[in-house]
Amino acid sequence: MPEQAAVAEVMAELAALEDPKARAVNERHGDDHGVNLGRLRALAKRLRTQQDLAVGLWDTGDTAARLLALLICRPEAFERDGLDGMLREARAPKVHDWLVNYVVKKSPHAEELRLAWTADPDPVVASAGWALTTERVTKKPEGLDLPGLLTVIEAEMKDAPDRLQWAMNHCLAQIGIEHEEHRARALAVGERLGVLKDYPTSPGCTSPYAPVWIDEMVRRRTGRAGA
């Protein structure tokens, strides 16, 4: 099937999955689509990996289509500049998150983009750089200046815009959770800044306030608090 026809067929399927209730929920989080994510994933599973179709869906600019594209693409097929452009277009939070987590993290360009994005003046772009830094803090910390990251977080997180603040806070928590030698400082930074201290947390969920988050995850692993 020619790509244009395939894109049109999938767009029709997405339109059929549109649910006003799902849209109302998604829009509260800044995501302008009405497709249940479970159904979206089921459609992606049926379509399997199709890079050309993924590119065509992304190019529609439609949020649900872009989410689907991120599920059926081949991350290694994108060039560095292509991923940079996609991130700058991805203003819907869910598209932004999925692009970083499902595509960029698996790309051979991830480290180069991490460095570039972290220094970007656009706070939404910078938040992607911090998300990639958090991935390295957790899985490949060799070569990272963890004390330097804590210094930047201490100086900049409190006044950062929401999405950048959230990403920096996640990095702070992971430094405290994963690296015992930096845990006391991470806890102290979190306590002094008080970022997300009063964030509403559902029963059974862990608070995003870094000191509580660190203590809880360390307790689960070791049976004792992080302090």
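Here is a walk through this predicted model, from the overall fold down to a few individual residues.

Let's start with the big picture. The C-alpha trace spans about 60 × 40 × 30 Å along its principal axes. How does the radius of gyration sit against the value for a compact globule? For 227 residues such a globule would come out near 17 Å, and the protein chain has 19 Å, which agrees.

Of the 227 residues, 45% count as buried. The accessible surface comes to about 11,800 Å², with 51% of that belonging to carbon and sulfur atoms. If you take the contacts with a separation of 6 or more, 62% of them are between residues 24 or more positions apart.

Leaving aside neighbours within four places in sequence, aspartate 31 is in contact with Asn26, Ala92, Pro93, Lys94 and Val95. Aspartate 31 is itself buried, yet it has no salt bridge. The nearest side chain of opposite charge is lysine 94, and that is 5.6 Å away. A salt bridge here needs a nitrogen-to-oxygen distance within 4 Å.

That brings us to charges in general. The protein chain carries 30 positive and 35 negative side chains, and the centres of the two sets lie 6 Å apart. Side chains of opposite charge can pair when their charged atoms come close. In this structure there are 19 salt bridges, and a few of them are worth a visit.

Take glutamate 135 and lysine 139, whose side chains meet at 3.3 Å, N to O. Both lie in helix α9, four residues apart, about one turn of the helix. An α-helix has 3.6 residues a turn, so residues three or four places apart point the same way. Glutamate 135 is partly exposed, with a relative accessible area of 23%, while lysine 139 is exposed at 62%.

Glutamate 154 and arginine 192 also form a salt bridge, again at 3.3 Å, N to O. This pair links distant parts of the chain: glutamate 154 sits in helix α10 (residues 146–156) and arginine 192 in helix α12 (residues 183–193), 38 residues apart. The relative accessible area of glutamate 154 is 27%, which makes it partly exposed; arginine 192 has 54% and is exposed.

Then there is the salt bridge between glutamate 76 and arginine 74, at 3.6 Å, N to O. Glutamate 76 counts as partly exposed at 47% relative accessibility, and arginine 74 is partly exposed too, at 36%. Elsewhere, Glu18, Arg23 and Glu27 are linked in a network of salt bridges.

To finish, a look at some backbone angles. Which residues have a positive phi without being glycine? Arginine 48 is one of them, with a phi of about 60°, and leucine 196 is another, with phi near 65°. Arginine 48 has its place in the loop between α3 and α4, where it counts as exposed at 65% relative accessibility. Leucine 196 lies in the loop between α12 and α13 (210–222), but this residue is buried, with a relative accessible area of 16%.

Leucine 196 also turns up among the contacts of glutamine 165, a residue found in helix α11. Glutamine 165 counts as buried, at 14% relative accessibility. Leaving aside neighbours within four places in sequence, glutamine 165 is in contact with Met157, Lys158, Ala160, Val195 and Leu196.

Notes:
Residues numbered from 1 in each chain as written. Predicted model: local features only at pLDDT ≥ 70, side-chain atom pairs only at ≥ 80, totals over all residues. Heavy atoms only, no water. Rg over C-alpha atoms; globule rule 2.2 N^0.38 Å. Buried < 20%, exposed > 50% of the residue type's maximum accessible area, 1.4 Å probe, protein only. Contact = heavy atoms within 4.5 Å. Areas by Shrake-Rupley, 256 points an atom, 1.4 Å probe, with all protein chains shown as cover. Lys, Arg positive; Asp, Glu negative; His and termini not counted. Charge placed at Lys NZ, Arg CZ, Asp CG, Glu CD. Helix = DSSP H or I, 4+ residues; strand = E, 2+ residues; numbered from the N terminus.
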